[in-house]
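Visitor: I've got a structure to look at and would like a guided tour. Could you take my questions one by one?

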Amino acid sequence: LDSLQDAYLQQRQLQDKGSAECAAIYDSKRGKAVLTRRRGQAVENFGVRQDGEWVLEPEEMLYLAERGSLAVFEQGNSAEEVEEQPSGRRLGMQELYSLVLGEP
């Protein structure tokens, strides 16, 4: 159980540092995440191309965020802003689950 807790804590630290390989903006109108930075093998099998954008289903977004492979930001950032330096607030796991489950 201790090793599982250690692994969880390491994963949380990765998520909190913002060192994710990929970045996305949560689109509340579609209820999906739009990838703005797509790097690494973690996302090769995730998302679909829609209207020139890579879009993740809510389940894919949550999975990648839990792994620490994806940083999700509030809507309002342009793709260029997120690629270089995010100007918006990064959403935490609790907020992401609330958005997906429709809780306030």
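**A walk through the fold**

Visitor: Which residues does M61 touch, not counting residues up to four places away in sequence?
Guide: Bear in mind that this is a predicted model. Leaving out anything up to four places away in sequence, M61's contacts are Y26, A33, L56, L70, V72, L96 and V100.

Visitor: Which residues of the largest nonpolar core touch the most other members?
Guide: That core has 18 residues, and M61 is on the list you want. The top residues are L35, L56, M61, L64, L70, V72 and L96.

Visitor: In what order do the five strands of the open sheet come?
Guide: The pairing is mixed. β3 (48-50) and β5 (70-73) each have a single partner strand, so one side of each has no neighbour in the sheet and they stand at the edges. On average, neighbouring strands are turned by 40° against each other, direction ignored. Reading across, you get β3-β4-β2-β1-β5.

Visitor: What is the bridge partner of R49 in β4?
Guide: β3 and β4 (residues 53-56) pair in the antiparallel sense, over three bridges. Look in β4 for the partner of R49, and you land on W54.

Visitor: What angle does the direction of helix α2 make with that of β4?
Guide: α2 (residues 58-67) packs on the sheet, where it touches β1 (22-27), β2 (32-37), β4 and β5. Its direction against that of β4 comes to about 85°.

Visitor: Are α2 and α4 roughly parallel or antiparallel?
Guide: Their axes are 11 Å apart, and the packing angle is about 170°. Anything over 145 degrees counts as roughly antiparallel, so α2 against α4 is roughly antiparallel.

Visitor: How many residues of the contact of α2 with α4 are nonpolar?
Guide: α2 brings P58, M61, L62, A65 and E66, while α4 brings M93, L96, Y97 and V100. Sorted by type, one is charged, none is polar, and the nonpolar count is eight.

Visitor: Which residues of α4 are buried?
Guide: α4 covers residues 93-101, and G102, with a positive phi near 75°, follows it. Buried here means under 20% relative accessible area.

Definitions and conventions
Residues numbered from 1 in each chain as written. Predicted model: local features only at pLDDT ≥ 70, side-chain atom pairs only at ≥ 80, totals over all residues. Heavy atoms only, no water. Buried < 20%, exposed > 50% of the residue type's maximum accessible area, 1.4 Å probe, protein only. Helix = DSSP H or I, 4+ residues; strand = E, 2+ residues; numbered from the N terminus. Pairing = 2+ DSSP bridges. Axes fitted to C-alpha atoms, helices over the stretch in contact; angles between N-to-C directions. Contact = heavy atoms within 4.5 Å. Core = buried A, V, L, I, M, F, W, Y, C linked by side-chain atoms within 4.5 Å. Parallel < 35°, antiparallel > 145°, perpendicular 65-115°, else oblique. Nonpolar A, V, L, I, M, F, W, Y, C, P; charged D, E, K, R; others polar.
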